[in-house]
Every structure is written in structure tokens, then in C-alpha cells.
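Here is a friendly walk through some local details of one protein chain. Please keep the model open as you read.

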Amino acid sequence: MRIILEGPDNAGKTTFAHELLKLHPLITYFHPGGKPNDVEAEGVCVEQQLNWLENHSPILMDRCTPISQRVYNPDPELDQWRDHMWQRYVKIGVVVIYCRPSTDRLLRVQDLTWRDDETEEHKQKIIKGQHSFIERYDALMQTIPNVCYDFEDRAHAEVLLKKTAQALTGSVEASRWFDNIINLRG
């Protein structure tokens, strides 16, 4: 199984990944890093991510360039190309978990946590644009089949964490559970 975690900054993606790795340390975890500087670099990121996804299973990837770039660096001229790139992920059978706690929680910029490699410029972009990023994610996730994760809903979070670990370790029942959730939302 191949799972991509998506969602705004501070939505719980990295925490979810670390909790999952505690349950099953043999899962490959891949974080693609920061944003590409231009379209050529974006294409390179996509190829690298697809390579990881195709050659590692089970795998958990923290963000996907064709999705996150549409949110953080929108460019209508690139939408069609990014959609085409996204379809390549779909063809290899990824499952998207949309990490989405409450808007109030996401807008508490004083609670944002930062990776060591994040620049002050990036931090200010997130702080100033968080509301727009949330809106863009919500709109985009209406078009992408996904399973929603809200770390604030402890009972739901525990179930999703366990089902994800089971699916990544080959459980047919857990994989069907994901398929059913996605089909219900679609």
C-alpha cells in the first residue's frame, strides 16, 4: 500500500507519520522536502516521488508535489500539467489521507511547529497565508478521493492510525476499509 499524507501546515501529518512508525517501524517514510524553485525542479520532484512510491511498499509519503504546489504556489497556467502529474500517482494506486483538524486549530499560528530547514521567509508565508492555504486545500480535496484525519478527534484518530498500520502491513480487510471510506466520500 502507498499512502500520501496531505494537508496544511500544522495539520498533524508528521505526528501521524511518527505514531504510525512506532506501530510499524518497517514502513518506508519519505518526506520530499521543501518546495521546488521552478517548473523544471517541480518535474524532478514528481519523478523522484513516483520512483519512491513505485519502488517501496509499504510507503508513507508526507506531501505530494502536484497537490501541495497547487495550494502553496498556485498558477492557473500549470493546473493542467499538475493534474496530469497527479494522475500518474493515481495510476500507481496511492491513498490520500487528508490531515484536517478544525480551522480554529489551524489558524492558531502561535502553535505552528517548524522543521529545522524552514527559512524565516517560508514561516512568514505560512503565517500570513494560512487561511488561504486552508481554503485551497479544502477545495482541492473535494476533487481528490481521500480519507480525512483529524487529530483532535481522538477516537477517530486512533481507528485511522490502526487501520493505516494494518493496511500498510498487508491487511486485506484494512485495505477494503480504506476503499469503502473513499467510495463513500466519492
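This is a predicted model: local features need pLDDT of at least 70, side-chain atom pairs count only at pLDDT 80 or more; totals for chains, interfaces and linings use all residues.

**Backbone details in the loops**

Most residues other than glycine have a negative phi, and most peptide bonds are trans. Asn10 has a positive phi, near 70°, and Arg63 also has a positive value, near 80°. Arg63 sits in the loop between S3 and helix H3 (65-72). Are these two residues buried or exposed? Asn10 counts as buried because its relative accessibility is 16%, and Arg63 is buried too, with a relative accessible area of 16%.

The bond between Ser57 and Pro58 is a cis peptide bond, with omega about 0°. Pro58 belongs to the loop between helix H2 (39-55) and strand S3 (59-62).

A further loop residue is Asn73, found between H3 and helix H4 (79-91). Asn73 is buried at 19% relative accessibility. Leaving aside residues up to four places away in sequence, Asn73 touches Lys35, Ser68, Arg82 and Lys125.

**How H2 meets H3**

Two packed helices are described by the angle between their axes and the distance between the axes. For H2 and H3, the axes come within 10 Å and cross at roughly 145°. On the H2 side, Glu42, Cys45, Val46 and Gln49 make the contact, and on the H3 side Thr65, Pro66 and Gln69 do. Sorted by class, this contact has 3 nonpolar, 3 polar and 1 charged residues.

**Aromatic pairs**

How many aromatic pairs does the structure hold? There are 7, and two of them are shown here.

| Pair | Distance between centres | Angle between planes | Class |
|---|---|---|---|
| Tyr72 and Tyr137 | 5.9 Å | 75° | edge-to-face |
| Trp177 and Phe178 | 5.2 Å | 90° | edge-to-face |

Tyr72 lies in helix H3 and Tyr137 in helix H6 (residues 120-141), so their pair ties together parts that are 65 residues apart in sequence. Tyr72 is buried at 10% relative accessibility, and Tyr137 is buried at 0%. In the other pair, Trp177 is partly exposed, with a relative accessible area of 21%, whereas Phe178 is buried at 0%.

Ring pairs also link Tyr72 and Tyr137 with Tyr98 and Phe133 into a cluster.

Note on methods. Residues are numbered from 1 along each chain as its sequence is written. Side-chain values use heavy atoms; hydrogens and water are left out. Helices (H or I, at least four residues) and strands (E, at least two) are DSSP runs, numbered from the N terminus. Buried means under 20% relative accessible area, exposed over 50%, partly exposed in between (1.4 Å probe, protein chains only). Contact means heavy atoms within 4.5 Å. Axes are lines fitted to C-alpha atoms, for helices over the stretch in contact, and angles run from 0 to 180 degrees between N-to-C directions. Ala, Val, Leu, Ile, Met, Phe, Trp, Tyr, Cys and Pro count as nonpolar, Asp, Glu, Lys and Arg as charged, and the others, Gly among them, as polar. Rings of Phe, Tyr and Trp (its six-membered ring) pair if their centres lie within 6.5 Å; planes under 30 degrees apart count as stacked, over 60 as edge-to-face and the rest as tilted.
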